[in-house]
Each structure stands twice: as structure tokens, then as C-alpha cells.
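Please read it with the model open.

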Amino acid sequence: MSSGRNIHLGMPRVRGASGVSAVLAEPAFDALRPPSPELLDDCVHCGFCLTTCPTYQLWGEEMDSPRGRIDQIRAAAEGAPLTAATVGHLDACLGCMACVTSCPSGVQYDRILETTRAQVERRVTRPRRDRALRSLIFSLFPYPARLRALRGPLRAAQRTGALGLVRRSGLVGRVSPELEVMQSLAPPLGPRVSVPERTPAVGTRRAVVGMLTGCVQREFFGDVNAATARVLAAEGCEVIAPARQGCCGALSVHTGREGEGMAFARRLIDTFEESGVETVVVNSAGCGSTMKDYVHLLADDPAYADRARAFSERVRDLAEFLHELGPVAQRHPLGGEGEAVTVAYHDACHLRHAQGVVSAPRELLRGIPGVDLVEIPDGEICCGSAGVYNILNPEPATELGDRKAASILRTGAELLVTANPGCLMQITQALERAGRALPFVHTATLLDASIRGVPVG
């Protein structure tokens, strides 16, 4: 279709996103998996997506709504050049998929966005500063060994107070708001917690499951992985966590780095096939949604298409799997006997909207004695984390985080629960900015505490 010549991006022009200053004076997309015209035509411009789209809620701009972005993608697919504004509006999208849930026409915006972003990443040359930031992110986050090497210095900086001093100085923020977000999101680090390759079932074995240990989850939230393995074992599962497993590719796929994401996906499929497990359980919503989509990601790969389909069918979110399996382990109250604990559950977008897992985590939480589960107002709106969105687009992400924190505080909850490490970091920071920090834990952590009869955290 085109010569493959790249568009070059200049300084930011679009609110909240890395913008561009030049256009491509030729067809925007190449012939490698361009956005499907059939999927684009499914949009009938009804407007149901507007009330749940975070960027439309922030700015009220039609071009920053799902249907507006679809219009721009359709124009590019029909031969219009890839303009500066179009790339900026696409970069501004969180990819939260709330529009998929709210759309009465079944528009597959997730498929449209991922194929379009892959085109943009192949065709666009971003500013040097943006390229450097993205290179840093993607040379670090998908590699657990590199994150592990970072833990020691980061933990030392936290324990000595050096990190707090740097934050208060504001020096990093003056150099780069994006790097300031990266340092501020880091959770307090204790000793590293790992999961053995095999955790035997407690009592009668009901299933053999694989467990994704993840990247950021493995190195910064190892206690969540340990709690996940204990909960699965308590429910009669033998848990296999292959030591050689790597990144699932979620961050890469969601940001248009399609080739990189495919390579990660192939390696993960190989690893879990060798383990011989019946089901692969995932405790990170973003990872789980991508792994369930390997069937689409690798559909054109003759060596992996069928294997990817079989693998995707075996992937389950932790809450989804436990709900299907049914509980056998006794639950204990979180507080004292007869004391109720008000718990607010935050829906991670890639669990609620991308995977459609809504009732299962709530049922599991209601199964804990003494839990009074409350809903968060406007709970379908993204918190602003969205993978690495809060690093690449710190201003809108911060505003969305602050809105989410305000909604959470209106519930009067004593404890906050979610199923995604990105949400944990993002909302924790927002609550701290609001001066109203709340205990905030993963679903697995709460279930583990209840089953073992120990305090939460």
C-alpha cells in the first residue's frame, strides 16, 4: 500500500498526550494487519460510549471519544494521511475498554485500537525525548531480572529516606514529569518474596493449575503471588509456577509494540505447554486480558495459531477460577467475631471491561464473614493507570486518579480491594494526595488472610 516511509513527530500538541507536528502525505497504514473495515463499520455513532470514556469525560472533545477515534481511524484506512492530531488523539486513549462494555452494537474497539496502535508504532518516529522514555520503560518493565536488580537500590533509597528527599526536592519533576511519576509509583519494598515452582494442594487435590508470576507483580508484589499460591492450594489446587516463565507481553501489546508482544506470547505458551497444566491462573488483570487474546494476537502465525487458541481457552483470572471451582477452605472474619468490615472493590478495567469478570470477585468477597461490600460511584471509569499510560501521560492520569480517589472516599470504606498491581500503585498515590490513605490490598491478599485467620496486609 505504501513505501513504508515514517511520519516524524514533533513536540506535544495534544492535551495529555505525546503529540506530533508533521503529517504523512500518503496512505497511513501498511498492509500488515491494518484495522478491519468491517469492525470500523460496526460503529453507528449512537453515543453510548461517551458517558464511560475517561478522556471524553475529562475534555468533552469528540475526537477524544471512542466514536471520534474510530472516525479518524476510518479516514486513515480509506487513504487519508496519518495526521499529527490523529496520532495525538490515539495516544490519549487509555485503552480501558469501558466503551466495549457500554456499546449496544458490539463494536470491538479493543481489536481496532490494538491493530491501529501497531500501525502507528511502525510508521511513526517520535521525538527523541519520547523515544528515550519508551525505550527505558520497555527495556525494564517486561524483564523481571532487570526489575530485581533495581529492587536493592530502590529499597535502600526508601529505607534511608533518600527517595523521599528526592521527591520533596522536586528535582526529578523539573527534569521529567514522566520520570517523577515512575519514582513516585514505587510501592514500599520489604524483603523479596518468591513462589516455589510447585506448591502442593492442601487436602484432596481438585486441580493442577499453572500460575503466572508476572514482571512487576513478581518483583514488587511478591507477597501477592505468595498469597495467590496459598489460596489456590487451600482450595485443593496443585500450583505450578515455572521458574523460566517471562513476560506475557501485555504492556507491549497495549502500546502497539506488536512484534515484541508476539515474541513474549510465544515464549509463554511454550513454557506453560511444557508444564502440562490444565489451567493457567492469572492475578493481574492486564496480563490476563492479553493472554486470553493470544488467539487474536497470533492468529496469522501458522506455527502458533492453534496453540494460541488452546492456550487462551485455558487462561482464567484468579477470581474467575476460584468462583468456578467453588470454595472448600473455611473463611474467617477479617475483624473480631461479629465485627463488620466495610470493603470497597475497585474494578480493574482489564478485568471488568476486557474480560467481563464482574460478579466473581464480588461473590468471593461476600463469602468472607463480616464483609460489608460497597460499590464505588462511577466505578466503571478508569483510575488512570492503564499499563504505562500514567507514565506517558501523567497529567490526565493524575486527574483521573484524583477523581477515583474522591469516589472511593465517598463510600466510607475501611478497606479497598482490587485485582491489578497498576491500580494498586495509581490509586494509592491518589489517596495519599488526598490526605486520606486507606489500606489497599489485592483480592488474593484478602482471601488469604481470611482463610488463614490472620490480619490483612
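1. Two strands pair if DSSP finds at least two bridges between them. Strands (E, at least two residues) and helices (H or I, at least four) are DSSP runs, numbered from the N terminus. This is a predicted model, where local features need pLDDT of at least 70 and side-chain atom pairs count only at pLDDT 80 or more. Residues are numbered from 1 along each chain.

2. Strand β8 covers residues 341–345. Its pairing with β9 is parallel and runs over four bridges. In β9, V371 stands opposite V341.

3. These strands belong to an open sheet of four, ordered β9-β8-β10-β11, with parallel pairing. β9 (371–374) and β11 (440–442) are at the edges, each with a single partner strand, so one side of each has no neighbour in the sheet. On average, neighbouring strands are turned by 35 degrees against each other, direction ignored.

4. Now the helices. α3 (residues 66–77) packs against α4 (residues 84–92) at about 140 degrees, and the axes are 10 Å apart. Axes are lines fitted to C-alpha atoms, for helices over the stretch in contact, and angles run from 0 to 180 degrees between N-to-C directions.

5. Which residues of α3 meet α4? They are R69, Q72 and I73. Their partners in α4 are A85, T86, H89, L90 and A92. Contact means heavy atoms within 4.5 Å.

Note on methods: Side-chain values use heavy atoms; hydrogens and water are left out.
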